[in-house]
Amino acid sequence: MLQLNQIYKVFNQGTPDEKLALKSLELTLEKGEFVTVIGSNGAGKSTLMNMISGKLIPDAGSVIIDGKDVSSVDEYVRSKMIGRVFQDPMAGTAPHMTIEENLAIAYGRTNKRGLRLGVTKSRRSFYKEKLETLHLGLENRMNAKVGMLSGGERQALSLLMATFTNPKILLLDEHTAALDPSRADLITKLTKEIVSQNNLTTLMVTHNMQQALDLGTSLIMMDKGQIIFEARGEEKQKLTVEKLLHEFQRIKGEKMLNDRAVLI
Amino acid sequence: MPTAIFSSFESGLIYAIMALGVYLTFRILDFPDLTVDGSFVTGAAVTAIMLVNGYSPIISTGAALLAGFAAGSITGLLHTKGKINPLLSGILMMIALYSINLRIMGKSNIPLFSESTIITSVKEIWSKTGLDSFLNKGMELLGLGNSVPSTWAIIFIMLVISLVIKFALSLFLKTEIGLAIRATGDNQSMVKSFSTNTDNMKVLGLSISNALVAFSGSLIAQYNGFSDIGMGIGMIVIGLASVIIGEAIFGAKTIARATLAVIGGAIVYRIVVALALQVQFLQTGDVKLITAAIVIGALIIPQIKDKQKEKSMKRKRLKELQMQQTLVKGAKEVATAKSNL
Ligand SMILES: Nc1ncnc2c1ncn2[C@@H]1O[C@H](COP(=O)(O)OP(=O)(O)O)[C@@H](O)[C@H]1O
Ligand SMILES: [Mg+2]
């Protein structure tokens, strides 16, 4: 479903702030695979997500979605196939528009926009049905401005908006990180439900190792712009936080030795 | 004096169409578009030159709309494709239009007193209906017999036109494309992630806005009986004043409400200016200064109000806390007194 080949990305090239954010990155996702992504700050996780969504274009390498090379396809074109939820609950919705109007925008992701009304009677009942699946009572507040919702409610709505039109790929970038623990749990639970019900091919960044282990079918660990560890299927199910930390230390140690060898 | 109020209503309703255009860019797209000063004149210029050359009033007015649409789209392209900042894109287009408008007109002023215009046509048809004498009788009955206008035709037709545009605009902003335009002004990266070409939305919004502005310019030229190269100076500020006054007086909860408020704001603005000019000390040339003062006031007063509100809330909260403190103290004293017993 998704294939990344030899991706490179450099920021601020030719300046003292030059930063190699991704380096010869390779990743393949099968249809329906749910991959959790962990890694320290600045490892390049968000940059990886932005490569897939088209917000950033790779300096080298190719991005292939559903068999099509989309490496240089504009973000807004690519987003026909991609649903996204960001870390900031404010980022995924339009605050001065109502809940139903926001859903209408999301509905337009796969359906060409025209001069039809965004909210009709039949569409409204469709939106309502979808909102009910969140169990937050938002279906009774469809005319409320989204700016009036709490962070958790907004994030739940963002998640619904990103997924109810069945994207080929779902990208979640620390989408529970800005919420208090109980709301984060709610969004995690909803994520689990929605992804499995729709069998969505998903890439989820999280800073919470336990969450990365509990959710998903595969796990990858990133460091310094590379994927340094991958676990899929049964191997992933058997992982624990201790094993993961141990693995991280082992790889880091090896790397350090290699680096030193190069220096010598 | 009362006739001054009537002509304020008339011209207010025509300028309201321009203000609706400004509302679309300033409020909906969050794009302060200065093209307005130029495109308003473009509308007037196109209509004037066509009328003088014998085209029908309807076609001449329609052409103004198209010219404004084109001007707005160029501003939009300068910003989206040329990556020039919004203010500068508008200023560049405004300056360019000054020369273009002069070229269109061939001179700096075209009188239209002898041409048949939309306004004269409407007046002609209206006079056959005899509605004027009927309405004037009504006014007499209300004891306003000496404040009737020379004709009700213009108020009537302009009310119809501005309301039709208002309803069309608010309906358009509820369509799928309209929603995408609104979302572009509200949260651009979000609407991009839902597969909207935000560049196209901006260009479209600016085009529609300037089409309305040019339409308004065309009608003003026909209403005043001339087109003049300087008639657009400060138009953006007048538009802003109308939007801000309207929203402050009539509210802006929904799009339907806000668009109606903008029309109201445009009329109130004209009345305020007319009243201000009654003051001995002020001259016609002071209108722009008055307008700027109104906009500055409308922008600053809400800030001051907010600050005062915040302060008084803080004071209230502090009092509550102090009350609690003394209550707790009191309770403690009672408790110690009791234990002493
Ligand atoms: N737009 C940018 N300009 C310059 N440097 C950037 C930009 N985006 C990310 N970086 C740098 O690239 C590296 C990877 O960033 P990011 O992908 O956001 O990390 P993560 O999401 O894993 O914390 C960091 O060092 C960051 O400072
Ligand atoms: Mg990040």
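A residue is called buried here when its relative accessible area is under 20%, exposed when over 50%, and partly exposed in between, with a 1.4 Å probe and protein chains only. By that criterion, strand β3 (residues 34-39) of chain A is mostly covered, since five of its six residues are buried. This is a predicted model, in which local features need pLDDT of at least 70 and side-chain atom pairs count only at pLDDT 80 or more, whereas totals for chains, interfaces and linings use all residues. Residues are numbered from 1 along each chain as its sequence is written, chains are lettered from A and ligands numbered from 1 in the order in which they are written, and side-chain values use heavy atoms, with hydrogens and water left out.

**The sheet of chain A**

- Six strands form an open sheet in the order β6-β7-β8-β3-β9-β10 (chain A), with mixed pairing; strands are DSSP runs (E, at least two residues), as are helices (H or I, at least four), numbered from the N terminus, and two strands pair if DSSP finds at least two bridges between them.
- β6 (82-85) and β10 (226-232) of chain A are the edge strands, each with a single partner, so one side of each has no neighbour in the sheet.
- β3(A) is joined in parallel to strand β8 (residues 201-205) of chain A by four bridges, and Thr36(A) has Met204(A) as its bridge partner there.
- β3(A) also pairs in the parallel sense with strand β9 (residues 218-223) of chain A over five bridges, with Val37(A) opposite Ile220(A).
- β9(A) and β10(A), by contrast, run antiparallel and are joined by six bridges, with Met222(A) standing opposite Ile227(A).
- Helix α1 (residues 45-53) of chain A packs on the sheet, touching β3, β6, β7 (169-173), β8 and β9 of chain A, where contact means heavy atoms within 4.5 Å.

**Helices of chain B**

- The UniProt annotation "transmembrane region", from an unreviewed entry, covers several spans of chain B, including residues 152-173 and 258-281; such annotations may be inferred rather than shown by experiment.
- Residues 152-173 of chain B are 91% helix and 0% strand, with end C-alpha atoms 32 Å apart, while residues 258-281 of chain B are 88% helix and 0% strand, with end C-alpha atoms 35 Å apart.
- The axes (lines fitted to C-alpha atoms over the stretch in contact, with angles from 0 to 180 degrees between N-to-C directions) of helix α7 (residues 153-172) and helix α12 (residues 255-278) of chain B come within 9 Å and cross at roughly 150°.
- α7(B) is therefore roughly antiparallel to α12(B), a term used for angles over 145 degrees.

Note on methods
Angles under 35 degrees count as roughly parallel, over 145 as roughly antiparallel, 65 to 115 as roughly perpendicular and the rest as oblique.
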